[in-house]
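Grab a pencil and open the viewer. Below are a few exercises, each with a solution that goes step by step.

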Amino acid sequence: MIPEPLPLDEIDLADPGNFTDGVTPWRMFRTLHQEDPVHWQPEPAPNAGFWAVTRHEDITRVDRDAETFTSTKFVNLEEVDDDQIKRRASILELDGVRHRALRSLLQRQFGAAVISQYADFLRGLTATTLDAALAKGAFDFVADISADFPINVLARLLDVPDGDTKKLIDWGNRIIGNTDPDYADVLLDSEESEQYRHLPFRSPASLEVFEYGRELARQRRGGDGTDLVSRLVNQTPRDGIPLSEQDFDNYFLLLVVAGNETTRHAISHTMLALIQHPDQLDLLRRDPSLIPDAVEEFLRWASPVYHFRRTATRDVDLGGKQIKEGDKVVMWYAAGNRDEAVFPDPYAFDVTRTKNDHVTFGKGSPHLCLGNLLARTEIRIMFEELIPRLADIRLTGEVPRVRSNFVNGIKKLPVEITLA
């Protein structure tokens, strides 16, 4: 269904409350595409506002040009001072040589040669997840499948006990859901959050992740393990600068959060889309060979991360607007994935779509998602295994969404199934 545009003067991308109904974000994006694709969005104090970039072409330009649009002033909407940057910067908030050096520590582990070796493990884990969930007949698809599967993959990559997966999920929820009262220990915009201003996402859950990661690092340091933690603590980045404890803390936290949240929400959105578009589910059921290419439509449609921010390093023209040095420039990936100039009929969920130049993982960016191939593989195998088992799947309740303008998340997806 094509969303009805929202009047331009009613658009507020800064309010997480506008992202909870599954409709308003797309109404705002459609208006911006048509009327103001590089749009100045005011924000409540102490933030100063940002440029919302919604066209695919402009998003790609910003994402590729790290010299003009830097990540070093942070990639979320929160405006941080130099001390916060020094304490909180992860690989996401670095550019240039140091960024490439830290990225290279794990790049091979997320490359095609290694990921292909996980295929049998992923398929076996998928079967285990599905066996347990589908036997219930009625269940929460998020809790029993979308969250369970990727967190168990992450546990394997980190080499942590299976019994710790619930902790990893809980930490991700509390950290990423820092604007949702159902998840956050401390809401991002609350006065209480000031005491956590030096922690990622201002979340006290970050301290628990740090403690957990440091114990793993202590156990693995000097060993010959091949898990991600062992590789971080036993390698020196190619720029010759060892990881500090703070570097490790922030890298490990990023793995815990990014390694679970985005794939989880992509799987949830895909299942919801297939339920709401039974003709598309039927196409995949009748011709499973469509699934590998359909994964790209799943990712375009889901857009599990709404945005990432950059900061202009100089005055520059973007989409006819004059961006000033120091301005926040926010790439709305979800909007780019509905750009009519790139995607014919962009509000149609079409598993046979062949030209699918989505920006879900970034586009030609130095910050292209490190785990994009793993995520694609997980999603493909999940639906290759799931779809043949289903004769029918139905929603049995409301589908609440995360109160966030950063992560496009589904909290619960209550379903009832009939096995094939």
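**Exercise 1.** How many of the residues of E8 are buried?

*Solution.* Before we start, some ground rules. This is a predicted model, where local features need pLDDT of at least 70, side-chain atom pairs count only at pLDDT 80 or more, and totals for chains, interfaces and linings use all residues. Residues are numbered from 1 along each chain as its sequence is written, and side-chain values use heavy atoms, with hydrogens and water left out.

Step 1: Strands (E, at least two residues) and helices (H or I, at least four) are DSSP runs numbered from the N terminus. Buried means under 20% relative accessible area, exposed over 50%, and partly exposed in between, with a 1.4 Å probe and protein chains only.

Step 2: count. Five of the five residues of E8 are buried, which makes the strand mostly covered.

Step 3: look at directions. In a regular strand the side chains alternate between the two faces of the sheet. Lys 328, Val 330 and Trp 332 point one way from E8, while Val 329 and Met 331 point the other way.

**Exercise 2.** Work out the order of the strands in the open sheet, and find its edges.

*Solution.* Step 1: two strands pair if DSSP finds at least two bridges between them.

Step 1: follow the pairs. E1 and E2 (residues 50-53) run antiparallel and are joined by four bridges; here His 39 stands opposite Ala 52. E2 and E8 pair in the parallel sense over three bridges, with Val 53 opposite Met 331. E5 and E8 pair in the antiparallel sense over five bridges, and Thr 311 has Lys 328 as its bridge partner.

Step 2: The five strands come in the order E1-E2-E8-E5-E3, with mixed pairing. E1 (38-41) and E3 (69-70) each have a single partner strand, so one side of each is left without a neighbour in the sheet.

**Exercise 3.** Describe how H8 and H9 meet.

*Solution.* Step 1: start with H8 itself. H8 covers residues 148-158, and nine of its 11 residues are buried, among them Phe 149, Ile 151 and Leu 158. Asp 159 follows H8 and has a positive phi, near 60 degrees.

Step 1: check the angle. Axes are lines fitted to C-alpha atoms, for helices over the stretch in contact, and angles run from 0 to 180 degrees between N-to-C directions. The axes of H8 and H9 (residues 165-176) come within 10 Å and cross at roughly 110 degrees. Angles under 35 degrees count as roughly parallel, over 145 as roughly antiparallel, 65 to 115 as roughly perpendicular and the rest as oblique. H8 and H9 are therefore roughly perpendicular to each other.

Step 2: list the contact (heavy atoms within 4.5 Å). H8 brings Ile 151, Asn 152 and Ala 155, and H9 brings Thr 165, Leu 168 and Ile 169.

**Exercise 4.** Is Leu 122 buried or exposed?

*Solution.* Step 1: find Leu 122 in helix H6 (residues 119-134).

Step 1: check the accessibility. Leu 122 counts as buried because its relative accessibility is 0%.

Step 2: look around. Not counting residues up to four places away in sequence, Leu 122 touches Phe 149, Val 153, Leu 374, Thr 377, Glu 378 and Ile 381. Leu 122 and Thr 377 are 255 residues apart in sequence, yet their C-alpha atoms are 8.5 Å apart in space.
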